[in-house]
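Student: Please take a close look at the ligand and its surroundings. Which residues are closest to the ligand, and what else can be said about the place where the ligand sits?

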Amino acid sequence: MNTRKDSYKHQGQRAQLVKLLNTNKINDKNVLMAMANVPRHLFLSKDFEDRAYDDVALPIDEDQTISQPYTVAFQTQTLEIKPGDKVLEIGTGSGYQAAVLADMGADVYSVERIEKLHKQAKVILSQLYKNVKLFLSDGTMGLPDKAPFDKIIVTAAAPKIPETLLAQLKPGGMAIIPIGDLKLQKMILIKKSVENIITQKELGDFRFVPLIGKDGWQKN
Ligand code: SAM
């Protein structure tokens, strides 16, 4: 049971973070409201609590990272999340991105490959939101039993677009995936039209930890 709490101090720090994001091209009010609501410090170890509302990626267990708040806001805003959207997230990590999606009213299905992170995220998310389901598996295979999804968000770096995931996207749906090598990736927005036509758009450079799995990078 996580006994750490939110506080006025943390709320003030979040308000400052939201101001910063707003001056940096994040203008979707619902995204900003979710970022103001979600207690990011609870998704980090005590050691990093003081830096929870800096706009930086931070270490979590197992050599992984919690994404930079700007990156979380950018991916979320790009997907135009609406209440009731069925969203597949690949790379639960700390659970923070899943919390932002859940706070916006999405039905979140989030997959993690590392058991320790999956379990930790389960503890904190189950205390905060009912609309998040967590899965322990290779996310490059998606969740065939739960498909199709309105939106798909991948929060780890893929060498190419995982075709299995695209097949699990609804016609009219959108996916956002960082694609590139292990050092630098382009954020790619993929749209599937109602006629099942796929289009792609590049949205700038980002850095993520690798997506490791059957349709991602192979673990050495
Ligand atoms: N969304 C996370 C958050 O809010 O903290 C940040 C994700 S972290 C940058 C990337 C995560 O993707 C790591 O936890 C990593 O273990 C996970 N990952 C990598 N390959 C995966 C795969 N094939 N399936 C599921 N998760 C994967």
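Tutor: Around the ligand there are 28 residues, and the closest are Glu 89, Ser 94, Glu 112, Gly 139 and Ile 212; a residue is near a molecule if one of its heavy atoms lies within 4 Å of it. The model is predicted: local features need pLDDT of at least 70 and side-chain atom pairs count only at pLDDT 80 or more, while totals for chains, interfaces and linings use all residues. Residues are numbered from 1 along each chain as its sequence is written, and side-chain values use heavy atoms, with hydrogens and water left out.

By class, the shell holds eleven nonpolar, 13 polar and four charged residues. Here Ala, Val, Leu, Ile, Met, Phe, Trp, Tyr, Cys and Pro count as nonpolar, Asp, Glu, Lys and Arg as charged, and the others, Gly among them, as polar.

The side chain of Ser 94 has an N or O atom 2.6 Å from an oxygen atom of the ligand. For the side chain of Thr 155, an N or O atom is 3.2 Å from a nitrogen atom of the ligand. Ile 212 takes part through its backbone, with an N or O atom 2.7 Å from a ligand nitrogen. Taken alone, the ligand exposes 610 Å², and the protein buries 100% of that (accessible areas by the Shrake-Rupley method with a 1.4 Å probe).

The ligand sits in the largest pocket. A pocket is an open set of points on a 1 Å grid over the protein atoms alone, where a 1.4 Å probe fits, with protein on both sides within 12 Å along at least five of seven lines; a molecule sits in it if more than half of its atoms lie within 2 Å of its grid points. Strand 2 (64-66), strand 3 (86-90), helix 4 (96-103) and strand 4 (107-112) each give two or more residues to the shell. Strand 2 gives the most, with three residues. Helices (H or I, at least four residues) and strands (E, at least two) are DSSP runs, numbered from the N terminus.

In the loop between strand 1 (58-60) and strand 2 is Asp 63, whose phi is near 60°, a positive value in a residue other than glycine.

Note on methods. A polar contact is a pair of N or O atoms within 3.5 Å; within protein, one must be able to donate a hydrogen and the other to accept it, and residues adjacent in sequence count only if both atoms are side-chain atoms. On a 1 Å grid over the protein atoms alone, a cavity is a set of points where a 1.4 Å probe fits but cannot get out, and a pocket is an open set with protein on both sides within 12 Å along at least five of seven lines; lining residues have an atom within 4 Å of a point.
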